[in-house]
Amino acid sequence: MSWGTELWDQFDNLEKHTQWGIDILEKYIKFVKERTEIELSYAKQLRNLSKKYQPKKNSKEEEEYRYTSCKAFLSTLNEMNDYAGQHEVISENMTAQIMVDLARYVQELKQERKSNFHDGRKAQQHIETCWKQLEASKRRFERDCKEADRAQQYFEKMDADINVTKADVEKARQQAQLRHQMAEDSKADYSSILQKFNQEQHEYYHTHIPNIFQKIQEMEERRILRLGESMKMYAEVDRQVIPIIGKCLDGIVKAAESIDQKNDSQLVIEAFKSGFEPPGDIDFEDYSQPMQRAVSDHSLSSSRGDGKPEPKFGGRSKGKLWPFIKKNKLSLKLGATPEDFSNLPPEQRRKKLQQKVDELNKEMQKEVDQRDAITKMKDVYLRNPQMGDPASLDHKLAEVSHNIEKLRLEAQKFEAWLAEVEGRLPARGDQARRQSGLYDGQSAPAVNNCAQDRESSPDGSYTEEQSQESEVKVLAADFDDEFDDEEPLPAIGTCKALYTFEGQNEGTISVAEGETLYVIEEDKGDGWTRIRRSEDEEGYVPTSYVEVYLDKNAKGAKTYI
């Protein structure tokens with residue numbers, strides 16, 4: 001099966017077919033190129049997706065990833081990032097091993113095809129030239145034969161005519177002989193050219209064309225084989241990354257299996273445990289007896305005095321708002337968390353203090369390392385003065401030492417507070433742990449009376465009124481009077497009630513759906529907003545129940561809750 005023998009007369013069709021084969025290769029290259037672009041785009045989208053859901057550093061979201069379920073999700077994001085990397089590998093390998101290689105081969109193939117068909121056209125042109133020479137010799141031989149016949153006939157006519165002179169007859173005879181000689185020469189030339197043409201034609205159809213077509217056939221078969229090898233490589237590139245992709249998926253499965261619901265439940269306890277004991281039973285208050293009303297020590301909403309009557313202010317009760325205790329005077333004026341975290345429940349306070357101590361120790365260690373490095377550098381300068389002036393480091397060394405001492409004192413302060421919370425040191429004095437005048441007679445340590453010293457706020461945090469009030473040295477009675485008599489808080493915006501809310505607890509206010517009210521205190525992160533209906537009606541409502549509109553003084557923001 002050879003193109004040289006079977007397709008000896010299909011030069012033009014073979015030329016078209018081989019060009020079609022090259023077009024097929026270029027089409028496949030284009031297909032692989034688009035596949036690599038898809039892989040790159042897919043990898044980019046996967047990386048962006050993984051990055052989008054990564055926790056932001058130093059944010060509340062990052063703290064959530066201590067739960068095993070969130071850790072598993074983070075592992076899934078990391079595995080998806082590696083998964084995307086494998087698709088980038090697919091794109092790179094297909095580009096290097098298929099696209100670039102095939103593109104170079106196509107150029108070589110085009111050059112080889114051009115050379116083979118150039119040789120074929122050259123052979124065609126040669127045989128056509130030989131054929132034209134043969135035709136010209138044949139026509140010349142035919143013409144000379146006809147001329148010889150006419151000259152012979154003319155001579156015979158002249159020789160038979162008695163009126164023609166002998167000289168004319170001789171001239172005609174000579175002309176006839178000349179023509180016959182020319183015809184013989186033409187015949188010999190035609191015979192020679194014909195023999196040569198037949199030889200050239202035989203070589204053309206049995207040697208030159210078969211050889212050229214055989215080269216073209218081999219070239220085409222190599223192209224087909226190369227296309228098949230590229231298709232195998234296409235599949236192999238995908239197969240090479242399958243084990244790594246499998247490991248990524250195994251990592252996701254392993255992360256999912258590592259989820260521990262019991263551990264997460266324990267973390268919730270550690271995150272929100274207050275350390276308080278639940279309140280005891282409320283004592284029965286017998287109003288039928290003509291005796292002074294005794295106040296239960298266990299009531300969450302009653303005074304903490306030892307049997308003293310609750311003072312009245314302006315004819316209305318000043319019982320504490322539960323669970324919406326008014327923030328103490330210090331918090332209202334400063335608007336910041338106390339440095340010792342005394343506004344938190346014992347357990348949460350201990351965790352915050354421990355965290356602060358760890359941070360300070362870490363910063364102090366950095367400063368110590370820096371001091372050691374400067375000291376070593378100074379020693380080097382002392383031994384080798386040409387490297388630098390040792391005195392130039394004294395200022396920096398003194399600055400670092402000062403920072404270390406400052407951090408050490410700060411750490412000692414927080415360690416003392418931590419020891420107090422953990423019961424390793426005596427609690428603060430009675431004066432610092434109770435409110436003078438209103439909570440007379442309360443002298444137990446704060447660690448043992450934390451449930452009474454702190455009150456719940458809307459977000460579940462607690463306000464340690466006694467310690468705060470003692471630190472600013474404000475009497476409780478004076479504080480309450482001053483709190484009542486001070487100027488009302490200015491409105492910072494308005495709000496519209498999205499739903500009806502029944503304020504059944506003290507400190508809340510009922511609102512009707514669609515009602516418009518004034519906002520006097522924004523949500524501080526506890527889920528409650530303080531609003532006012534009139535000068536005498538104000539309280540807290542759930543932030544999710546209202547749509548808040550802040551005025552220009554609040555940066556003109558409109559917040560949808």
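Colleague: What makes Y205 partly exposed?

Modeller: The relative accessible area of Y205 is 31%. Buried means under 20%, exposed over 50%, and partly exposed in between, with a 1.4 Å probe and protein chains only, so Y205 counts as partly exposed. Y204, at 5% relative accessibility, is therefore buried. A word on the source: this is a predicted model, where local features need pLDDT of at least 70, side-chain atom pairs count only at pLDDT 80 or more, and totals for chains, interfaces and linings use all residues. Residues are numbered from 1 along each chain as its sequence is written, and side-chain values use heavy atoms, leaving out hydrogens and water.

Colleague: Why is the pair of F414 and W417 called edge-to-face?

Modeller: Rings of Phe, Tyr and Trp (its six-membered ring) pair if their centres lie within 6.5 Å; planes under 30 degrees apart are stacked, over 60 edge-to-face, the rest tilted. The centres of F414 and W417 are 5.2 Å apart and the planes stand at 90°, so the pair is edge-to-face. Both F414 and W417 are buried.

Colleague: How do you know that R226 lies over the face of Y105?

Modeller: A charge sits over a ring if NZ of Lys or CZ of Arg is within 6 Å of the ring centre and within 35 degrees of the ring normal. R226 lies over the face of Y105, at 4.5 Å from the ring centre.

Colleague: Which residues form one aromatic cluster?

Modeller: Y499, F501, W528 and Y545 do.
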